[in-house]
Amino acid sequence: MARLTDARLTDKVALITGGARGMGAETARLLAANGATVVVADILVDDGKATAQSIVGATYRTLDVSSQQGWSQVVADTLDKHGRIDVLVNNAGIDLIKRLSDTTLEEFERLISVNQLGTFLGMQTVANAMIEAGGPCSIVNISSVAGLEGVKNHAAYSATKFAVTGLTKAAAKEWGRYGIRVNSVHPGIIETPMTDGLFVDPNVRQRVERNLPLKRLGQPADIANMVLFLASDQSSYCTGQAFTVDGGVHP
Ligand SMILES: NC(=O)c1ccc[n+]([C@@H]2O[C@H](COP(=O)([O-])OP(=O)(O)OC[C@H]3O[C@@H](n4cnc5c(N)ncnc54)[C@H](O)[C@@H]3O)[C@@H](O)[C@H]2O)c1
């Protein structure tokens, strides 16, 4: 029988990649504010340490998500320190604004290694620990609206974010029996360091905002709130789903 639940993550351990800044840092703050013990993983050592230090009970771990060895180490360290991982947020990602015809092999492979391989390695390494622990657990993969539709001048990015959508759906079917839910979040345009350069000109910003149904750019907290919902028991009957948070652009 389903029960009404709240979004508290008391006694839960959450690992958040790309947690040093942007929406990853905001997610780390919100999950911790709701009771989770948070591990911030990133390649930005100074930012990552500063973010972790600003959150009660949080720790920072250096992790390049494209490294299998790195994942094994961080998961082993987290299990040693906290004994469990209940929530994984695969948030680390990089963008590339370039025409497909101009995209080099090295650039394409770089996006695959961080956005796609990084998510695959995280899901696989952490889920093995989650399966051993016996659930209930939640994996939240940060894709993009570019993981649901093709975006001009974002072919490599779009390809890797579609891959994240597919990994999410397949894993949900494999791991539901172990009590592991897997969902993806698809942000629209969110104001973070990744998009900093795009809105320096106030006219550009105004034009973009005018065209958004909710008339404002997204904020990291808009994404963090969705991740909290998916991480918590409030979403206990949701798995394999793609949740769009884009101010209404893709109804
Ligand atoms: N900002 C947007 O408009 C937007 C829209 C859709 C999707 N997204 C996605 O949201 C996620 C977070 O993006 P953001 O906007 O906060 O960007 P951001 O650049 O502020 O943060 C990304 C974080 O990922 C980390 N990172 C990059 N490569 C890494 C690696 N190899 N290993 C570990 N960490 C690594 C960065 O150091 C950074 O801290 C990304 O996956 C991004 O693709 C962002």
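Which way, left-handed or right-handed, is the crossing in which α3 passes α4? You will find the answer in point 4, and a few notes to read alongside the model come before it.

1. A word on the model. This is a predicted model, where local features need pLDDT of at least 70, side-chain atom pairs count only at pLDDT 80 or more, and totals for chains, interfaces and linings use all residues. Residues are numbered from 1 along each chain as its sequence is written. Helices (H or I, at least four residues) and strands (E, at least two) are DSSP runs, numbered from the N terminus.

2. The sheet. Seven strands form an open sheet in the order β3-β2-β1-β4-β5-β6-β7, with parallel pairing; two strands pair if DSSP finds at least two bridges between them. β3 (59-62) and β7 (242-245) stand at the edges with a single partner strand each, so one side of each has no neighbour in the sheet. On average, neighbouring strands are turned by 20° against each other, direction ignored. Helix α5 (residues 155-175) packs on this sheet and touches β5 (137-142), β6 (180-187) and β7, and its direction makes about 160° with that of β6. Here axes are lines fitted to C-alpha atoms, for helices over the stretch in contact, and angles run from 0 to 180 degrees between N-to-C directions.

3. Strand β1. Do have a look at β1 (residues 13-17), which runs parallel to β4 (residues 87-90) and is joined to it by three bridges. Five bridges join β1 to β2 (residues 37-42), also parallel. Ala14 stands opposite Val87 in β4, while Ile16 has Val40 in β2 as its bridge partner. Val13, Leu15 and Thr17 point one way from β1, Ala14 and Ile16 point the other way, and all are buried. A residue is buried if 20 or more other C-beta atoms lie within 10 Å of its own, exposed if 12 or fewer, and partly exposed in between, with C-beta atoms placed from the backbone. Five of the five residues of β1 are buried, so this strand is largely enclosed by the rest of the structure.

4. Two packed helices. Now for the opening question: α3 passes α4 in a right-handed crossing. A crossing is left-handed if the near helix is turned anticlockwise from the far one by less than a right angle, and right-handed if clockwise. Helix α3 (residues 68-82) and α4 pack at an angle of about 30°, their axes being 10 Å apart. Gln68, Trp71, Ser72, Val75 and Leu79 in α3 meet Leu121, Gly122, Thr125, Val126 and Ala129 in α4. Residues are in contact if their C-beta atoms, placed from the backbone, lie within 7 Å.

5. A buried glycine. Gly48 is found in helix α2 (residues 45-53). This glycine is buried, with 25 other C-beta atoms within 10 Å. Leaving aside neighbours within four places in sequence, Gly48 is in contact with Gly19, Ala20, Val40, Asp42 and Tyr60.

6. Two residues to check. Most residues other than glycine have a negative phi. Asp11, however, has a positive phi near 70°; Asp11 is found in the segment before β1 and counts as exposed, with 10 C-beta neighbours inside 10 Å. Lys215 has a positive phi of about 60° and is found in the loop between α6 (202-210) and α7 (220-231). Lys215 is exposed too, with 10 other C-beta atoms within 10 Å.

Technical notes:
Contact = placed C-beta atoms within 7 Å.
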